[in-house]
Amino acid sequence: MMTVEKMAQEFSTDPHDLVVTVGPAIGKCCYEVDEPVADEFLRLGLDSDKFVERKGGGKYMIDLLEANTQIVMEAGVPRENIIKSDICTRCSSDMIWSHRATGGKRGGMCALIGVKEQ
Ligand SMILES: [Zn+2]
């Protein structure tokens with residue numbers, strides 16, 4: 001996996017110059033998890049109140065896009081350079097694969113990354 005730190009080593013990347021897109025992913029509307037999974041998100045040491053919502057009965061809703069946004073920000077990318085997808089893969093499973101919507105029968109997704117020549 002290419003991290004921001006590795007990009008700095010390989011390409012002299014300044015994280016402030018990066019534009020990052022996060023998602024699509026399952027949305028907070030659909031990503032309900034049990035306490036052990038929520039605990040992993042709470043242990044990230046980030047502003048978890050913004051991406052872990054307690055529902056009661058040992059259930060939590062997780063905002064993966066916000067969690068990943070905060071992880072990217074920890075690497076030095078400004079929030080204004082991070083674009084979050086507004087597509088929930090489960091709600092839009094007619095258009096994009098969703099593990100939860102299909103019960104585990106899923107396809108693949110791909111992402112592209114590029115370096116702008118100066
Ligand atoms: Zn949804």
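Visitor: What makes this set of 12 residues a nonpolar core?

Guide: A nonpolar core is a set of buried Ala, Val, Leu, Ile, Met, Phe, Trp, Tyr and Cys residues joined through C-beta atoms within 7 Å. A residue is called buried if 20 or more other C-beta atoms, placed from the backbone, lie within 10 Å of its own, exposed if there are 12 or fewer, and partly exposed in between. The largest such core consists of Ala25, Ile26, Tyr31, Ala38, Phe51, Val52, Tyr60, Ile62, Leu64, Leu65, Ala67 and Cys88, and these 12 residues are therefore called a nonpolar core. This is a predicted model, in which local features need pLDDT of at least 70 and side-chain atom pairs count only at pLDDT 80 or more, while totals for chains, interfaces and linings use all residues. Residues are numbered from 1 along each chain as its sequence is written.

Visitor: Which elements give two or more residues to this core, and which one has the largest share?

Guide: Strand β4 and helix α3 each give two or more residues, and the largest share, 3 residues, comes from α3.

Visitor: Which residues of helix α3 are buried, and what covers them?

Guide: In α3, which covers residues 64-74, the buried residues are Leu64, Leu65, Ala67 and Thr69, and their cover includes β1 (20-22), α2, β4 and β5 (82-84). Leaving aside neighbours within four places in sequence, Leu64 is in contact with Ala25, Ile26 and Tyr31, where contact means that the C-beta atoms of two residues, placed from the backbone, lie within 7 Å. Just after α3, Gly76 takes a positive phi of about 105°.

Visitor: How do you know that β3 and β4 pair?

Guide: Two strands pair if DSSP finds at least two bridges between them. Strands β3 and β4 (residues 59-62) have 4 bridges in the antiparallel sense, so they count as a pair. Among the residues involved, Arg54 has Tyr60 as its bridge partner in β4, and Glu53 stands opposite Met61. In the hairpin of these two strands, which has 2 residues between them, Gly57 takes a positive phi near 65°.

Visitor: Why are β2 and β3 called edge strands?

Guide: The open sheet has 3 strands in the order β2-β4-β3 with antiparallel pairing. Strands β2 (32-34) and β3 (52-56) each pair on one side only, and they are the edge strands. Between β2 and β4 there are 3 antiparallel bridges, with Asp34 opposite Lys59 in β4.

Visitor: Which residues make up the covered and uncovered faces of β4?

Guide: Tyr60 and Ile62 form the covered face of β4, whereas Lys59 and Met61 form the uncovered one. In a regular strand the side chains alternate between the two faces of the sheet.

Visitor: What lies across β2, β3 and β4?

Guide: Helix α2 (residues 35-42) lies across these strands and runs at about 100° to β2. Such an angle is taken, from 0 to 180 degrees, between the N-to-C directions of lines fitted to C-alpha atoms, for helices over the stretch in contact.
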